[in-house]
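Please look over the sequence and the model shown here before reading on. The notes that follow are grouped by topic.

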Amino acid sequence: MTTDTTGTVARDGDSRPGGPADSPFIRACRRRPVPHTPVWFMRQAGRSLPEYREIRASVPMLESCRRPELVTEITLQPVRRHGVDAAILFSDIVVPVAAAGIDLDIVPGTGPVVAEPIRTAADVERIRRITRDDVSYVDEAVRQLVVELGDTPLIGFAGAPFTLASYLVEGGPSRTHAKTKALMYGDPELWHALCARLAEVTLAFLRVQIEAGVSAVQLFDSWAGALSEADYRRFVLPHSTTVLSGLVNSEVPRIHFGVGTAELLGAMGEAGADVVGVDWRTPLDVATGRIGADKAVQGNLDPCVLLAPWPVVEAEVRRILEQGRAAPGHVFNLGHGVLPETDPEVLTRVVALVHELSSRRADQG
Ligand code: CP3
């Protein structure tokens, strides 16, 4: 439940005209008719924006995530600049893990680095359960943002147990996830204990965001594509299900995303998603065939396409809009995050093009 600037109480379940719950983005997540196809970009806050680089010049990444006034400003920047249909909270997937007591840092050019990687049952116990007080800066930022954003929905997010476990077990980013898989295959009991604890932290973190007023949540299992479907079902699905199913009564749509997940799309939907994120490898009509007609889809534009000349970008936008019509709900997005070298002007043009092409189609009935 949230209170807007006029003091009106708004709930996501209430689709009063004009409120975030009635926005094209939330309507598409719920597979309802939309005035135009909604569009936002993973990693839209940060990355290529000069106004972001200016703010971050003197503030380390984790510290910027813990300063509500900075989080609010950075989250709003892409909404102002591009006119996207949703904002996503500026933060990182390791923020709740750090709040749970794990000593880690986000190293420029590398990513999250964990001082003492998790390898034993005693290590798992070092990951404390979190309450709102542990992440009060997120609670505060979301509350500020909901007021500032008005009718534009805010997406909250968290990392899924597998992707978080990979950073914690490896100690940092990994191409092969070798240590993670060695633990998973070699000590399934410890693996499940670790993922169960991470699911608890993630669920608590998402509940804080929902209580503070986000209109949707996205669970990032960015590296789940490293697994076969059989291993995903055995080692990961139960824990991602704990998180997503744990939010079923919250009335906000749940998006579930990973990269390289062509073989996992059906299973990722089963975890309890309303929307399944699709990378650039699987066309949206094919993805819908795998996910089923009871879920919306999001994604598919290769972030690298944005570095190509405009006619190439335009052709890809048209293709994705066309193939997205096979799904019962379509949120336009990239197949993974915006690359830092992307020209922000191209992002703005993509938003305008998606809106123009999809509303024209609506006019034609
Ligand atoms: O690159 C930027 O946008 C600048 C700020 C920044 C974020 N994370 C914001 C973020 C930085 C420097 C990081 C560090 C980090 N954390 C990296 C990047 C390392 C690098 O230098 O390129 C990575 C890979 C992580 C771990 C991480 N964070 C993952 C796997 C995810 C899930 C999304 C994905 O890209 O697969 C995140 C989430 C994240 N980090 C978000 C933001 C704003 C939220 C998601 C979003 O906006 O879509």
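In α8, the buried residues are Pro161, Phe162, Thr163, Leu164, Ala165, Ser166, Tyr167, Leu168, Val169 and Glu170. The model is a predicted one.

- Helix α8 covers residues 161–170 and is mostly covered, with 10 of its 10 residues buried.
- Just after α8 comes Gly171, which takes a positive phi of about 95°.
- The axis of α8 comes within 8 Å of the axis of helix α9 (residues 178–186), and the two cross at roughly 105°.
- On the α8 side, the contact is made by Phe162, Ala165, Ser166, Val169 and Glu170.
- On the α9 side, the contact is made by Ala178, Lys179, Thr180, Leu183 and Met184.
- The residues of this contact of α8 with α9 divide into six nonpolar, two polar and two charged.
- An α-helix has 3.6 residues a turn, so residues three or four places apart point the same way.

- Ala160 is located in the loop between β6 and α8.
- Is Ala160 buried or exposed? Its relative accessible area is 0%, so Ala160 is buried.
- Apart from neighbours within four places in sequence, Ala160 is in contact with Leu219, Phe220, Asp221 and Ser240.
- Ala160 and Gly258 are 98 residues apart along the chain, and their C-alpha atoms are separated by 9.5 Å.

**The sheet**

- Seven strands form an open sheet with parallel pairing, in the order β3-β6-β7-β8-β9-β10-β11.
- Which strands stand at the edges? They are β3 (87–88) and β11, each with a single partner strand, so one side of each has no neighbour in the sheet.
- Strands of a sheet pair through backbone hydrogen bonds, either parallel or antiparallel.

**Strand β7 and its partners**

- How many bridges join strand β6 (residues 154–159) to strand β7 (residues 216–220)? There are five, and the two strands run parallel.
- Ile155 has Ala216 in β7 as its bridge partner, and Phe157 stands opposite Gln218 in β7.
- Strand β7 is also joined to strand β8 (residues 254–257), by four bridges, and these strands run parallel.
- For Val217, the bridge partner in β8 is Arg254.
- Strand β7 is mostly covered, and five of its five residues are buried.
- From β7, Ala216, Gln218 and Phe220 point one way, while Val217 and Leu219 point the other way; all are buried.

**The loop between β11 and α15**

- Two residues described here, Leu339 and Thr342, belong to the loop between β11 and α15. Strand β11 spans 330–331 and helix α15 spans 344–363.
- A polar atom of the Thr342 side chain lies 2.7 Å from the backbone oxygen of Leu339.
- Thr342 has a relative accessible area of 3% and is therefore buried.
- Leu339 has 22% relative accessibility and so counts as partly exposed; buried means under 20%.
- Not counting residues up to four places away in sequence, Thr342 touches Ser48, Leu306, Leu307 and Leu347.
- With neighbours within four places in sequence left aside, Leu339 is in contact with Arg47, Ser48, Pro303, Cys304 and Leu307.
- Leu339 and Phe220 are 119 residues apart along the chain, and 17 Å separates their C-alpha atoms.

**Positive phi in residues other than glycine**

- Arg43 is not a glycine, yet Arg43 has a positive phi of about 60°.
- Arg43 is placed in the loop between α1 (24–29) and α2 (50–56).
- With a relative accessible area of 44%, Arg43 is partly exposed.
- Asn300 is a residue other than glycine with a positive phi, near 95°.
- The loop between β10 (296–299) and α14 (310–324) holds Asn300.
- Asn300 counts as buried, at 1% relative accessibility.

Conventions:
Residues numbered from 1 in each chain as written. Predicted model: local features only at pLDDT ≥ 70, side-chain atom pairs only at ≥ 80, totals over all residues. Heavy atoms only, no water. Buried < 20%, exposed > 50% of the residue type's maximum accessible area, 1.4 Å probe, protein only. Polar contact = N/O pair within 3.5 Å; in protein donor to acceptor, adjacent residues only side chain to side chain. Contact = heavy atoms within 4.5 Å. Axes fitted to C-alpha atoms, helices over the stretch in contact; angles between N-to-C directions. Nonpolar A, V, L, I, M, F, W, Y, C, P; charged D, E, K, R; others polar. Pairing = 2+ DSSP bridges.
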